[in-house]
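Take a moment with the sequence and the 3D view before reading on.

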Amino acid sequence: MEVFYYMVFGGLGLIVAALELSKNNKDRISTSQSFTSFKNNYLLVYSLMMAGDWLQGPYVYYLYTTYGYGKGDIGQLFIAGFGSSMLFGTIVGSLADKQGRKRACVTYCITYILSCMTKHSPQYKVLLLGRILGGVATSLLFSSFESWLVAEHNKRGFEQQWLSLTFSKAIFLGNGLVAIISGLFGNFLVDSVSLGPVAPFDAAACFLAIGMAIILSSWGENYGDPSDNKDLLSQFKAAAVAIASDEKIALLGAIQSLFEGSMYTFVFLWTPALSPNDEEIPHGFIFATFMLASMLGSSFAARLMARSSPRVESYMQIVFLVSAASLLLPILTNFFVIAPPPSEVKGGGISLGCSIQLLGFCVFESCVGIFWPSIMKMRSQYIPEEARSTIMNFFRIPLNIFVCIVLYNVNAFPITIMFGMCSIFLFVASVLQRRLLVITDKPKSEDWTSLKERDVETEPLNDD
């Protein structure tokens with residue numbers, strides 16, 4: 001493997017270590033012992049849940065190819081997963097507000113374990129069922145755990161600022177360190193021990209089962225608004241009203257969909273971008289490098305959120321602009337860096353243009369590391385508790401539609417067009433973030449909470 005990869009990985013590792021070791025009192029939040037115990041319990045569970053997810057990711061496509069399926073069939077399986085997340089996942093995830101967030105987290109574990117079990121069958125219908133179950137599980141992963149955490153944090157009377165500490169640590173561990181270790185462990189199971197491509201899915205099921213046992217034994221239950229006896233349709237209507245009546249919630253949903261849509265598109269594009277002529281690149285090592293860059297971003301976000309200034313709404317404008325610029329690099333290198341003839345690089349090492357792109361992609365992944373804890377903090381501030389899971393799953397509907405469209409048309413456009421589209425989306429996200437900053441600086445207007453309070457006050461009058 002080329003020295004360049006080790007240099008990038010080592011450089012990022014040194015920066016992350018320096019950031020973590022150089023934290024002073026201004027960068028740390030003073031908390032209580034009870035909160036530390038609560039935070040560590042959540043981080044353990046979240047890390048196990050993310051290990052169950054990360055172990056599967058690198059081997060899903062590979063497993064399908066070993067069963068003899070072609071690109072078209074595999075594409076349909078992936079579309080089924082995202083479509084399931086949009087349709088069934090939205091319904092199941094929304095039930096968490098009414099049936100309980102802890103119960104939804106346990107449902108995530110059971111659903112994903114069943115999805116892992118389907119990977120033992122080469123039958124297409126069984127694999128399709130596994131993708132549908134996986135789509136439901138994904139919706140629960142990205143809504144129920146955060147909803148439970150925010151509600152439980154507030155119920156226990158912890159300070160609001162401490163929540164950002166849990167968010168940043170969860171991303172640092174779950175989306176960084178755990179991802180790297182999961183990738184290495186999966187590689188050990190498949191290549192070193194030669195247990196086959198199904199082994200990582202079995203290991204994922206074990207981690208999920210351990211996490212479920214901890215949830216069942218140590219977590220309390222919490223709900224959205226226990227005073228509301230709403231059916232599912234009424235919940236959807238209430239969530240839609242909340243988004244339509246409060247511009248902050250609507251902007252937050254649009255920003256999230258634009259950024260995550262670009263992020264998931266990047267997942268499909270980075271491999272062909274770095275090896276356009278079938279150059280030999282170490283996919284696993286590059287993935288670990290990206291996760292290290294994400295850890296760098298989450299470590300930096302922890303410093304920012306520990307201080308009163310700058311506000312999240314302010315610095316995220318810059319993060320979106322930087323991420324937009326980083327995904328323009330494939331277009332710029334295509335025009336300004338002279339690429340060697342394909343016959344000279346086919347099967348060889350990474351080219352100069354692709355080396356520049358790799359550095360840009362690491363910058364983008366650092367922005368991803370900043371994005372996750374920051375968007376979590378903004379969601380905890382602006383999304384009403386009584387409909388938190390429902391609204392968060394509503395946010396994922398346009399995201400899943402977008403990803404399905406991209407998957408269906410991934411070969412229809414040149415890769416530079418796809419990166420340009422993502423860059424435009426990220427620029428629009430920066431503009432919307434600016435708008436969010438402006439309206440949050442204004443005196444409180446009539447938002448979703450005040451509208452609901454007004455409705456409650458006028459209800460007796462309507463009865464008369």
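## The model and its fold

This is a predicted model, in which local features need pLDDT of at least 70 and side-chain atom pairs count only at pLDDT 80 or more, while totals for chains, interfaces and linings use all residues. Residues are numbered from 1 along each chain as its sequence is written, and side-chain values use heavy atoms, with hydrogens and water left out.

The protein chain has 19 helices and zero strands. Both come from DSSP runs numbered from the N terminus (helices are H or I, at least four residues; strands are E, at least two). Of its 464 residues, 55% count as buried, where buried means under 20% relative accessible area with a 1.4 Å probe, protein chains only. Take the contacts (heavy atoms within 4.5 Å) between residues at least 6 apart in sequence: 88% of them join residues at least 24 apart.

## Aromatic pairs

A search of the whole structure turns up 32 aromatic pairs. Rings of Phe, Tyr and Trp (its six-membered ring) pair if their centres lie within 6.5 Å; planes under 30 degrees apart count as stacked, over 60 as edge-to-face and the rest as tilted. Why is the pair of Trp 148 and Trp 219 stacked? Their ring centres are 3.7 Å apart and the planes sit at 10 degrees, so the pair counts as stacked. The two are 71 residues apart: Trp 148 is in helix H7 (residues 144-155), and Trp 219 is in the loop between helix H9 (199-218) and helix H10 (232-245). Trp 148 is buried at 1% relative accessibility, and Trp 219 is buried too, at 4%. Both belong to one aromatic cluster, whose members include Phe 35, Tyr 42, Tyr 108, Phe 145 and Trp 162.

Two rings also have a charge over the face (NZ of Lys or CZ of Arg within 6 Å of the ring centre and within 35 degrees of the ring normal). Arg 131 lies over Phe 78, 4.6 Å from the ring centre, and Lys 169 lies over Phe 172 at 5.8 Å.

Ile 215 lies in helix H9 and is buried, with a relative accessible area of 0%. Leaving out residues up to four places away in sequence, Ile 215 touches Val 45, Lys 102, Cys 105, Val 106, Cys 109 and Phe 145. Ile 215 and Lys 102 are 113 residues apart in sequence, yet 7.4 Å apart in space, C-alpha to C-alpha.

## Cavities

There are two cavities of 30 Å³ or more. On a 1 Å grid over the protein atoms alone, a cavity is a set of points where a 1.4 Å probe fits but cannot get out, and lining residues have an atom within 4 Å of a point. The largest cavity holds about 120 Å³ of space. Its lining has 14 residues, with Leu 141, Phe 142, Glu 146, Met 376 and Arg 379 nearest the centre. Helix H16 (352-382) is one of the elements giving two or more residues to this lining, and with three residues H16 supplies the largest share.

The second largest cavity has a volume of about 40 Å³. Among its lining residues are Glu 20, Lys 23, Ser 298 and Ala 302, along with Lys 169 and Phe 172. Helix H8 (161-192) and helix H12 (283-305) each supply at least two residues of this lining.

Note on methods:
Buried < 20%, exposed > 50% of the residue type's maximum accessible area, 1.4 Å probe, protein only. 1 Å grid on protein atoms, 1.4 Å probe; cavity = no way out; pocket = protein on both sides within 12 Å on 5 of 7 lines; lining within 4 Å. Points joined across faces, edges and corners; volume = space filled by probe spheres on them.
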